[in-house]
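Colleague: I would like to learn how to read a model of this kind. Please take me through one, feature by feature.

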Amino acid sequence: MQAILALMRKEFLHVARTREMLMLLLALPLIQLIVLGYAITTEVKHLKLVVLDLDNSSMSRQLVQAFQHTDRFDFKGYLSDEAAVGNYLRQWKAQVAIVIPPQFHQDVRRGKMPAIQLIVDGVDGNAAGIAQGYAAGIIQKVMGDVALDLPWVLKQKRVSQTGQVVLLDRMWYNLNLDNAFFMIPGLVVVLLTIVPMMLTAMSLVREKELGTLEQLMVTPLGKHELLLGKILPFLLLTFLEMGGILAIGQWIFHVPMHGSYTLLALFTFIYLFTTLGLGMFISTITTTQQQAMFASWFVMVFAILMSGFFIPIENMPPVLQQLTYLNPMRYIMSATRDIFQKGSSLVYLSGDFLRLLIFGVIIFTAGIVKFHKRLD
Amino acid sequence: MLSPFNRTWAITRKEFWHILHDPRSLMIVFMLPVIQLIMFGYALNFEIQNVALAVINYDHSHYSTELIDHFRGSRFFSLFFPDVLPSQINQLFLERKARAVLIVPDDFGENLRQGRSVAVQLLIDSADPNAAQHIRNYVATTVQLFNLNQKGAVQLPFDVRTTIWFNPELKSAYFFVPGLLALILVMISALLTSVAIAREKESGTLEQLLVSPVRRYEIILGKVIPYIALAFLDALLILFIGVVLFHVPFRGDLLVLLFLTLLYILAALSLGIMISTIAPTQQVAMMMAQSSTLLPTLFLSGFIFPLESLPRILQYISYVVPARYYLPVVRGVMLKGNTLGDLIIPAAFLFTLTLLLLIIAFRRFKMGLG
């Protein structure tokens, strides 16, 4: 026991002595959290819009004005010809262009149904789809307003007097659709993966690289004690880190916690077996810190991508969806988010819990076994 | 006496040997991007599909059947009809069985037959707010379509024709494969160089290098050159896979892209060098490189989320993220056929950023060891 404490002290001293290290360990994740908490918004706003108005009537201006009164579009001005439209889109100066044909207002009045052209830059497929939806919505509203002034439309309206289906929608859990409520619990998980896994792997490999692992092995420390002394500081650090993240989540982003902190701590504890185990495992298959860093980087990117952190798993092709079941982070991700937002109890999360436990036991055991083999 | 060129070359050779003697790292440097590109390329898809929509239908008329048929037609929803009481709806969300619940009241058909309006309820699990918004919009559109079909088309005053340029099928891969080039290059370049000098510091060999006749800038230059070559090879590999496997079109000039890619690699390497002059150990260097590249490139460059949607302050921070300038370059050349003239502004910014990082690095390198 005393031996473990001594090794832990060494490890802590090492961390504390390199002041940058301590600062980085504690501050970097928190800074990332603050920046990204604000950054991660899937809302699409301020789309750059240009207009080629070949009609130049009050009706066409009414249409353009509707686009100026929303923060979804930033009106960048009128263009003079089609070539300019092409240039603006090609040079990233506009994402959406509206072309209003000549004689637009006359044609509308005569009921000839002229067509407005909506040109969207499709490079960002997601934003393009959303932009199209926004524009269609705005144009539809203008259509309604324009139609009210037209005698031939009014006649039709009176004829069609059937009932309408009205949609009453209600949001559960996140009434104002605040993105931070969704992303911050996710970021908690990401940071809980990066910190313990990378640091364990690199701290174990460092002793190997500097040749001090042999020195530690000839000390009276047992193998288990050696490992425990190496791992425990990171376990403590992780919990400290988590406290900081939770505090920032609540104070700055007002992320509500509908579930139990005890349950969250329990899940975190179980999950740490996986991340620490992975760290150990990586340390045994690598010989330099650079290799360890790359290996943990690879595991991390894979884990984050396949966890549903920012790409919903349902969107993925079936093969990849199957692959996500092999990713422990998938389970801690969904469980953490459910605890925060839905206040789920262990009853609903037992599936996640069981899988995390199994992954934890397997990976941690594999890590220890491999590490011991290495030492022999 | 050796010339500066010879001395630089000696360091370069040493660093090259260091890389070649470590086949594991070398394999990682080339295999990692390929695997990541393939996985990301297939996985990154923001088109929502198969949303589990629970329908609770209390109505037995053909009206409600028709409404539900409107939902059946699309890939967006996968419908199911749970046998639950209204008080048990919460459980559908807690058990993650449904993302949204549509409730059709028992007087639905009767009201519509009589020409009265009637409300249907939609409950959405908004734990994922983005998905929730999409679900709401999609259901609203579907209901609107049902309404239109009910009363026969009303003639509209005018029509809208939408044309989508550069990526008419809105393929995610066209957007993300060029983006991944930016992400992978910055991570490889910055991570590799940041540990390159920190490694010498940690093992105490930097002092040995410094007392040798090699000048400081020669050390830095010599250390960087091998990684320029490595990163450039990586870039070619990624481009090749993107075009062959994901069929991303290449409409511009390859030479323009390669030239600007080199500039981008230099910016990323300078970032790595700057970090390594600050960081005392490899561990610190790695942490700094990791946190200044991975997440900022993902979220503060336009890689996934449009820059214009970010809060003002973050838009300012994004000016020091190199990928911010490289993304319009690589997407522009590949998808829009941009010429060098179109891209002069991002190129100039990239150049300035590289210069700035290098100046800081040289200053730190002098001070830190002087």
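Colleague: In which loop is His247(B) found?

Modeller: His247(B) is found in the loop between α9 (216–245) and α10 (254–278) of chain B. Helices (H or I, at least four residues) and strands (E, at least two) are DSSP runs, numbered from the N terminus. Residues are numbered from 1 along each chain as its sequence is written, while chains are lettered from A and ligands numbered from 1 in the order in which they are written. This is a predicted model, in which local features need pLDDT of at least 70 and side-chain atom pairs count only at pLDDT 80 or more, whereas totals for chains, interfaces and linings use all residues.

Colleague: Is His247(B) buried or exposed?

Modeller: A residue is buried if 20 or more other C-beta atoms, placed from the backbone, lie within 10 Å of its own, exposed if 12 or fewer, and partly exposed in between. His247(B) counts as exposed because it has 11 C-beta neighbours inside 10 Å.

Colleague: What should I look for in phi?

Modeller: Most residues other than glycine have a negative phi. Phe166(B) sits in the loop between β5 and α7 of chain B, and it is buried because 22 other C-beta atoms lie within 10 Å.

Colleague: How many residues does α8(A) have, and what span is expected?

Modeller: The expected span of a helix is 1.5 Å times one less than its number of residues. Helix α8 (residues 179–210) of chain A has 32 residues, and its first and last C-alpha are 45 Å apart, close to the expected 46 Å. α8(A) is mostly covered, with 29 of its 32 residues buried.

Colleague: How are the strands joined, starting with β1 of chain A?

Modeller: Two strands pair if DSSP finds at least two bridges between them. Strand β1 (residues 47–53) of chain A runs parallel to β3(A), and five bridges join them. Val51(A) has Ile98(A) in β3(A) as its bridge partner. β3(A) also runs antiparallel to β4(A), through four bridges. Val96(A) has its bridge partner Val120(A) in β4(A), and Val99(A) stands opposite Gln117(A) in that strand. Strand β3 (residues 96–100) of chain A is largely enclosed by the rest of the structure, because four of its five residues are buried.

Colleague: Which strand of chain B is joined to β4 of chain A?

Modeller: Strand β4 (residues 115–121) of chain A runs parallel to strand β5 (residues 159–165) of chain B, with seven bridges between them. Gln117(A) stands opposite Arg161(B) in β5(B), and Ile119(A) stands opposite Thr163(B).

Colleague: How many residues of each chain take part in the contact?

Modeller: Two residues are in contact if their C-beta atoms, placed from the backbone, lie within 7 Å. Chain A supplies 94 residues and chain B 101 residues. On the side of chain A that touches chain B, helix α6 (residues 125–148) of chain A gives the most, with twelve residues.

Colleague: Which residues of the largest nonpolar core touch the most other members?

Modeller: A nonpolar core is a set of buried Ala, Val, Leu, Ile, Met, Phe, Trp, Tyr and Cys residues joined through C-beta atoms within 7 Å. The largest has 152 residues, and Ala182(B) and Leu185(B) touch the most other members. Helix α7 (residues 172–202) of chain B gives the most to this core, with 21 residues. Leaving out residues up to four places away in sequence, Leu185(B) touches several others, including Ala231(B), Tyr264(B) and Ala268(B).

Colleague: What does Leu37(B) touch?

Modeller: Leu37(B), in helix α2 (residues 23–43) of chain B, touches Val177(B), Leu180(B), Ile238(B) and Ile241(B), not counting residues up to four places away in sequence. Leu37(B) counts as buried because it has 22 C-beta neighbours inside 10 Å.

Colleague: Where is confidence lowest in chain A?

Modeller: pLDDT is the predictor's confidence in each residue, from 0 to 100. In chain A, confidence is lowest in helix α7 (residues 151–159), at a mean of 54, and highest in helix α14 (residues 328–342), at 94. Where pLDDT is low, the predicted coordinates should not be read in detail. Chain A has a mean pLDDT of 83, with 90% of its residues at 70 or more. Chain B averages 84, and 96% of its residues score at least 70. For the complex, the predictor gives an ipTM of 0.74 and a pTM of 0.79.
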